[in-house]
Amino acid sequence: MDLRSLVKDGGSPFIGNVVTRNGEFAVRGGFGLVRQYSTTLNGGNVNRVAQDSSFGLGPSIGTFALRTPFGADQVLSVHTVTAFTGDFRTNDQQGGWHAGARAQLIVGLALHVHDLHSGRHFEFVLHDQQAETSQLDTVLPHAATRFDEDHSRWFIPTALPKWATFSTMLGRALILIDGCGVWTYRPVDAPFGPDRKLDSMERAQLGPNYGETCALSPLEIGPGVFLGTGQGDEISYFTAAQFGLPTAMCVMDDRVVYAAGSTLLFSDPNRPDNIMSPNVQFLPTQEEITLLAPVRGMLFVATTTQCWVYTPNTGEALVAKGQLVNISNTMGCLSQRGAVLAESGVFFADRSGIYVYGGGANLAPLSVEIDRLWTDTQSLQLPWTDYYTASGITALADPQPLSRVDVAQQSADFRLAWDDVRKALYCVLDDVALVWTDGFGWSVWTFFSHAGAGAAVQARANLAKPSLVPVRNNVYMVAGPYTLDYTSPLILEECTNSSCGLYLLGRGGALDASADASIEDERQPMGGWVKASQIAPGVGPAMFLGRPIRLPDGYECPAGVIDGESFWLPVSISRGPTGTFNTSYELTFMFDNTRWQPVFTTGVSTEIDFVLPSERLGSADGYAQGAPNPGSSEVQCYLAGFANRAGNQIRIFWDGTLGAWTTKPVMNLGLLGPDLVILLPFRYIGTDSSFSIFEPIAATTAVVSGWFAADVYYWQEGNYPTERTALEARRQPVDWAVKTANLELKGNEFKVRGVFVTAMHLGSASTKVVAGWPFGPLNSATSSDYRDYAGQALDFTQTPPGNSQQTNIQQQQRMMPTSISGNTVPQTVVGNNIARWGDSADATKGNLLIGDAAVDTLATSDGTQGTRASVMLHGTLNAESEGVRVGKVELAVRNVGLRRRWYNR
């Protein structure tokens, strides 16, 4: 860490974006995208004049890795969410089923669950349940709601929470949220995440009730099992009103310990919702408790400026009234997220540094060698920023990278995480992370890059407000939000939608924020139901053309595999509150054939290769697939009244008199619905920002037998920005640097001429993410005395010497293999045709890129002279496939005289 400030003597080295491996160091891998996700609540149409126009997820206020009882690892993340909870446009005055829809603009909370084994992701929005239980181990499959009532009301916090912390008990996660109480998450492994929007319309709902109580519910404090015999030995318990809102929480042995202000409350064994009134311990402080942690049979307690160790009574129902020992009146934990429990004890962030408590009566400082970070303003110096800025072109109109970081100012915002596999502690801020590794010490990880197009130094910061979550052998990151603009006033009012990302260290190769949008983009764009046609509101059936459902690449329909990006278009029918469904239905609608193309049964057919849900298979003959009867039984594409593969109209006719099934000729629809009846496959062929499948015109009709017509609703997607298929535009290089402390030679003046580096590398990619950035994977710079970053510039080919314009710095390859015959030195470039084995013209001989990663001793000839010197190795990994691993660094040093004589005048 470069902490010398103006004092140039001594100091410590700076180590940035590298990890240690067996005495060597390698540039860390990139954090590659696992999924980009948004809230399921985004929908409807909100008048931005009257309402806030910002929607979507806020940053994560707490992350946690949970091992579930069924053996899966899940990453839990709590987000704030701003959304309109309904699916219907609020300015639609036509009436109809949606006229009774209940929705509102909320600023709520959502728990996002990422199941790492199944790859699934689902969202649970916090509700005040209508049906709750005071017992944690009681499972309610569904909340007790009636069909004509909304789901349980949304939980709306009185103030925007800043943090969430986690504990586990009985296979569940206990989640304490700032100002919002304790919530319990019972792990689930759902096939997909349910849509949490309000879908009710008068007396019907677009979808079933969901059992939120089964998965996520607020913890309700109530009476326990030790009630006494009625002979004067009754035991009183805390009520919810007495319990209040905890400020800290942990699990110690089989009890949950809560902190309410400066008071400790101990639950009954394995009963986090039951707290005996006598089981209370008061602390002699006026400060709020910020940290509780069990350490070797004792309870470590901290406020922002004080620390205690509490030893509870053992073997008794009452564990309060134990031994309380004060161990510090100057140090404490600054925030609930600024601490993490590890095998060796509890690490926590104080205003003077990072400390660890491992038992006994003392706190061990962990950050002594970098203590200046907490005492000097902006003392964390990033040497590569100074070097690149001094050596290149900087346009002040561009975002500028950080050169100094004020750690002390941000110490209350630390997000600590412990990596038990790597024995590493991550102290994460918004732009950097201080990383401590057992046996190695401190280093810095940055989450931005200096690389700019055309050699201009500028900041790329595409990992916003990160939180690191180690999970066994992996390190995950939750980052965001990223805000995208929607400007489609014909469909939705102008607004924004914010999403977040789950990333994995190493998944990005050598790049941060690398992505494959075709499989990793799970954002749900803004959208809402629009009425295409109607009859008298609420008196008849309705048909629904739903939101397109993304299909996996290579999905196989009955006629074969679908090429390209493909979707299901779900079609549903509702009988209505009193309607009956008889023997037929028909639906005609227009679609945007410039962006969407139906999938047909054959290469020449006009029939759509539809799929039926299992409950509709018996009535499949009603569509007469293979022998369509226009106007009677068909699923075909039309243009200007004639069946045509290039058309923009879909006609669906179902005849219930064909085929055979139990309820023939009636389709077995439920009373409420809507019920899914058919899935239509489409390819997305659009290239602009629009994603809606339906033409916003009125040429849509539907008829259900027994009724003259039916209401028709179609899902109108808001503009999905072009980043939908270009998340890779957020890719950013990984900069790294290892800079020595000032080197001295017994007070003498010396000369450094040459740096010799033994390194394993993967070459330099022929195609870079940031084109024109002149710094390759491995470079060196040497400076003397007080000229920290003003060493001899490298690789100049134009005169006059010393010209420092970046345009004259050539892209010389700093890593070369040894010479081969003819004194030819081939350039090792990823993607070239030199190191290949086989014959590209003969497939039987193979065409494989061969050769291990090159191990070279690289030498530079730049030199410097003075009484002190420092060397910086640095580089930029600018493609997924690049990589550097350094094993040894040597300097050529020659003593040239005694220390210079200095005179004060």
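Predicted model: local features only at pLDDT ≥ 70, side-chain atom pairs only at ≥ 80, totals over all residues.
1. Cysteines first. The model has 0 disulfides. Take Cys 307: the closest cysteine sulfur belongs to Cys 333 and sits 8.3 Å away, so that gap is too far for a bond. Cys 307 is buried at 0% relative accessibility, and Cys 557 is buried too, at 4%.

2. On to the rings. The count is 27 aromatic pairs. One of them joins Tyr 426 and Trp 445, a tilted pair with 5.4 Å between centres and 40° between planes. Tyr 426 belongs to strand E32 and Trp 445 to strand E34, 19 residues apart.

3. Phe 591 is in the loop between strands E45 and E46, while Phe 682 is in strand E50, so the pair ties together parts 91 residues apart in sequence. Phe 591 is buried at 0% relative accessibility, as is Phe 682 at 1%. Ring pairs also link these two with Phe 567, Trp 596 and Tyr 684 in a cluster.

4. Two arginines lie over ring faces. Arg 28 is over Trp 445, 5.7 Å from the ring centre; Arg 550 is over Phe 567, at 5.8 Å.

5. Last, check Ser 566 in strand E44 (residues 566–574). This serine is buried, with a relative accessible area of 1%. Its contacts beyond four places in sequence include Arg 550 and Phe 682.

Terms used. Residues numbered from 1 in each chain as written. Heavy atoms only, no water. Disulfide = S-S within 2.5 Å. Buried < 20%, exposed > 50% of the residue type's maximum accessible area, 1.4 Å probe, protein only. Helix = DSSP H or I, 4+ residues; strand = E, 2+ residues; numbered from the N terminus. Contact = heavy atoms within 4.5 Å. Phe/Tyr/Trp six-rings, centres within 6.5 Å; stacked < 30°, edge-to-face > 60°. Lys NZ or Arg CZ within 6 Å of the ring centre and 35° of its normal.
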